[in-house]
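Open the model in your viewer and keep a selection panel handy. The tour goes stop by stop, with something to select at each one.

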Amino acid sequence: MTRCRSYIRGLAVCVTVLLLVSGVVMIGVGFSSGDGNTPVAELFDQLSSSDGLLVLQVFGPLTVILSLMGVCAATLDLKLLLLVFSVLALVEFVALMVVAAPLVQVETQMDGAVDELFLNVTPLHRADPYIQRELNKLQLSDSCCGLRSSEDWENELPVSCFCTLSVGRPASEQISDHRCVMAKRNHQPGQPTPGTLWVHAKPCGPILKNYLSFPIKLRIGIISAFATITMAAIALCLALALEEYWTKPPVEVRVDDFNRVTYEPKPSLT
């Protein structure tokens, strides 16, 4: 029984240290300014995930304070402090689950909301100049064109959309690679027929969706890890605090001269 208790105590210390690490991670992610690097950030103002950042900014420091309390309680074997830590950790766990629930809804509704935003900014040649500049950077770096297709630019295709065919390879082979496609351009009556233009076949919309969804998925993952570690810490600390209710005290069996058996608790060594 003593060995089992030492094992549970060691696990409690390790789990509360992990809880401390998760609190530090929450603070780091919560106060980081990664959202400003999202390409075409103006497109996603309506889908701001600042609430997720606020959750991490508030609950991160609370988690660090509680985990320090848990580490001290488990290390020094302070039963009252273990009980206080378990209760406070459970309260924080419930509060975080309630506050963070909208993040899951945002993730499930993201695709439809982003598609609607894409419709609002097309045609792209009439969009805000900032959006055009950022989208041109993305088209150059990721070899994509438009949000859903090159037709989002209509007849005003930027240079960043152009796809250069490799020299020495037949055009049919390069088309089969789905890297370049022929641009569809509307021909106006009375104007000369436009020449053939090859543009990137890959749209930029899925890339932008991945940029947007990654911060939310990261925060949901951190919160899920926190929930798992917190439940383990609560269970282990409660087991230590309520040890006298689930462990049997050691006893000595004595037989007197009249063959009567008596059971007496063993004297404690501490």
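Is Cys144 buried or exposed? Cys144 counts as buried because its relative accessibility is 0%. Bear in mind throughout that this is a predicted model.

**Stop 1: the partner of Cys144**

A disulfide joins Cys144 to Cys204, with S to S at 2.0 Å. The angle about the S-S bond is 95°, and the link is right-handed. This pair ties together distant parts of the chain, 60 residues apart. Cys144 sits in the loop between helix H4 (129-142) and helix H5 (171-176). Cys204 sits in the loop between strand E2 (198-200) and helix H6 (205-241). Cys204 also counts as buried, because its relative accessibility is 0%.

**Stop 2: the other disulfide**

Now select Cys145 and Cys161. They form a disulfide, with sulfur atoms 2.0 Å apart. The torsion about this S-S bond is about 95°, so the disulfide is right-handed. Cys145 and Cys161 are 16 residues apart, and each lies in the loop between H4 and H5. Cys145 is buried, and Cys161 is buried too. How many disulfides does the count come to? The count comes to two.

**Stop 3**

Pick Cys72, then Cys237. Cys72 is partly exposed, at a relative accessible area of 43%. Cys237 is buried, at a relative accessible area of 0%.

**Stop 3**

Go to helix H2 (residues 50-76) and select Thr63, which lies in it. Thr63 has a relative accessibility of 1%, so it counts as buried.

**Stop 4**

Val94 is found in helix H3 (residues 79-121). Val94 counts as partly exposed because its relative accessible area is 44%, between the cut-offs of 20% and 50%.

**Stop 4: the whole chain**

Zoom out and colour by secondary structure. The protein chain has seven helices and four strands. Along the sequence they follow the pattern α-α-α-α-α-β-β-α-α-β-β. Of the 270 residues, 36% are buried. The chain exposes about 16,100 Å², and carbon and sulfur atoms supply 62% of that area. Residues 24 or more positions apart account for 69% of them.

**Stop 5: confidence**

The chain averages 77, and 73% of the residues score at least 70. Finish with residues 187-193. Here too the pLDDT is below 50, and the stretch has three contacts beyond near neighbours in sequence.

Definitions and conventions
Residues numbered from 1 in each chain as written. Predicted model: local features only at pLDDT ≥ 70, side-chain atom pairs only at ≥ 80, totals over all residues. Heavy atoms only, no water. Helix = DSSP H or I, 4+ residues; strand = E, 2+ residues; numbered from the N terminus. Buried < 20%, exposed > 50% of the residue type's maximum accessible area, 1.4 Å probe, protein only. Disulfide = S-S within 2.5 Å. Contact = heavy atoms within 4.5 Å. Areas by Shrake-Rupley, 256 points an atom, 1.4 Å probe, with all protein chains shown as cover. pLDDT = per-residue confidence, 0-100.
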